[in-house]
Amino acid sequence: MAVSAQSLSYAHKPSDQSLALDDVSFILPRGSRTVIVGPNGAGKSTLLQILAGKRLVNGADIRILDRDVFRDSPPGVTFLGTEWAMNPVVRGDIVVSHFLDSVGGYRHKARRDVLLDILDVDLDWHMHNISDGERRRVQLVFGLMAPYDVLLLDEVTVDLDVLVRDDLLRFLKSDSEERGATILYATHIFDGLNAFPTHIAHMSFGRLVTPPNPWPLLAGSPLSAQFGSATLYAVALQWLKEDREYRRELEKHGRKVRGARRDETVPSDSETFYKKYDYSH
């Protein structure tokens, strides 16, 4: 067993009426690569942050490599999230080569150099003078150059171009297969991802609607009966459509409605102002 959670519930604030995570339970074997599918706000990022020990929870049993995440923190866990690129420290005027050296890049030179080539990173870049996508590439070199046992990826490939992303996924897959490393990957981009996972899971409204299932789908399984030989993209698209339809049903029964407010009868202050002073016609 590499990663497990039992009876995991979590609210961002005690006063929240709805849970960010609602009784989530699952077990993942070592060497597995799980893609988590779900709409924005489903709880994917919160789950990965808790597994990384970044959010404290009570009343749940959460273990990585048989060690309690909070009371006996396991080594070899790497979390890569989207907030890193916005950190002012990594947006300062520092050369990429100096930055990587400052975090021990010399100790992992062989892996670092492979990643520099895969991610097409220029060691002479200045961190304050590069794009968000280029800064993301530096983050991935920084986060992946030290060998990990469990890797938690939260949308960090969204800024990468297709060629770089595909090369990175091939590296991660090979790394997982050769070293038995376990990967959980939350993403909204499914093109070209079909051959990457060993498992897929579906999260919606804080619940694990479909626990991790082997991928490709096993013959005779409920998911196989539903989707047949569909691609991961097709499965994810169907799940996301079901999530949207379910949310709209909830809106019909009192849940706060998203989208335009076409039935408002009282104009907003800005609408009143622009109608009064609009001389464009």
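Predicted model: local features only at pLDDT ≥ 70, side-chain atom pairs only at ≥ 80, totals over all residues.
Four aromatic pairs turn up in the structure, a pair being two rings of Phe, Tyr or Trp (its six-membered ring) with centres within 6.5 Å, called stacked if the planes are under 30 degrees apart, edge-to-face if over 60 and tilted for the rest. One of them is Phe-99 with Phe-142, a tilted pair at 5.7 Å centre to centre and 45° between the planes. This pair links distant parts of the chain, with Phe-99 in helix 2 (residues 96-102) and Phe-142 in helix 4 (residues 132-144), 43 residues apart. Helices (H or I, at least four residues) and strands (E, at least two) are DSSP runs here, numbered from the N terminus. Phe-99 is buried at 8% relative accessible area, whereas Phe-142 is partly exposed at 28%. Those labels follow simple cut-offs: buried is under 20% relative accessible area, exposed is over 50%, and partly exposed is in between (1.4 Å probe, protein chains only).

Another pair brings together Phe-227 and Trp-239; the ring centres are 6.1 Å apart and the planes stand at 85°, so this one goes down as edge-to-face. Phe-227 belongs to helix 6 and Trp-239 to helix 7 (residues 232-252), so the pair ties together parts that are 12 residues apart in sequence.

Residues are numbered from 1 along each chain as its sequence is written, and side-chain values use heavy atoms, with hydrogens and water left out.

Trp-239 comes up again in the surroundings of Thr-210. Thr-210 sits in strand 10 and is buried, at 12% relative accessible area. Setting aside residues up to four places away in sequence, Thr-210 touches Ala-201, His-202, Leu-223 and Trp-239, where contact means heavy atoms within 4.5 Å. Leu-223 is also a contact of Gly-228, along with Leu-217, once neighbours within four places in sequence are left aside. Gly-228 itself is in the loop between helix 6 and helix 7 and is partly exposed, at 37% relative accessibility. The C-alpha atoms of Gly-228 and Thr-187 are 23 Å apart, for residues separated by 41 positions along the chain.

Arg-33 lies over the face of Phe-196, 5.7 Å from the ring centre. For Arg-107, the charged end sits over the ring of Tyr-106, at 5.9 Å from its centre.

Trp-215 and Pro-216 are joined by a cis peptide bond, with omega about 0°. Pro-216 falls in the loop between strand 10 (207-214) and helix 6 (222-227). Asp-23 has a positive phi of about 55° despite not being a glycine; Asp-23 lies in strand 2 (residues 21-28) and is partly exposed, at 48% relative accessible area. Phe-205 is another non-glycine residue with a positive phi, near 50°, and is found in the loop between strand 9 (199-204) and strand 10. Helix 1 (residues 44-51) is mostly covered, seven of its eight residues being buried; among them are Lys-44, Thr-46 and Gln-49.

As for the overall picture, the protein has eight helices and 10 strands, and its C-alpha trace spans about 65 × 55 × 40 Å along the principal axes. Of its 281 residues, 44% count as buried. Among contacts with a separation of 6 or more, 67% come from residues 24 or more positions apart. The accessible surface comes to about 15200 Å², with 51% belonging to carbon and sulfur atoms (Shrake-Rupley method, 1.4 Å probe; for residues, only the protein chains shown count as cover). The mean positions of the 34 positive and 38 negative charges lie 4 Å apart. Lys and Arg count as positive and Asp and Glu as negative, with His and the chain ends not counted; each charge is placed at NZ of Lys, CZ of Arg, CG of Asp or CD of Glu.

Note on methods
Lys NZ or Arg CZ within 6 Å of the ring centre and 35° of its normal.
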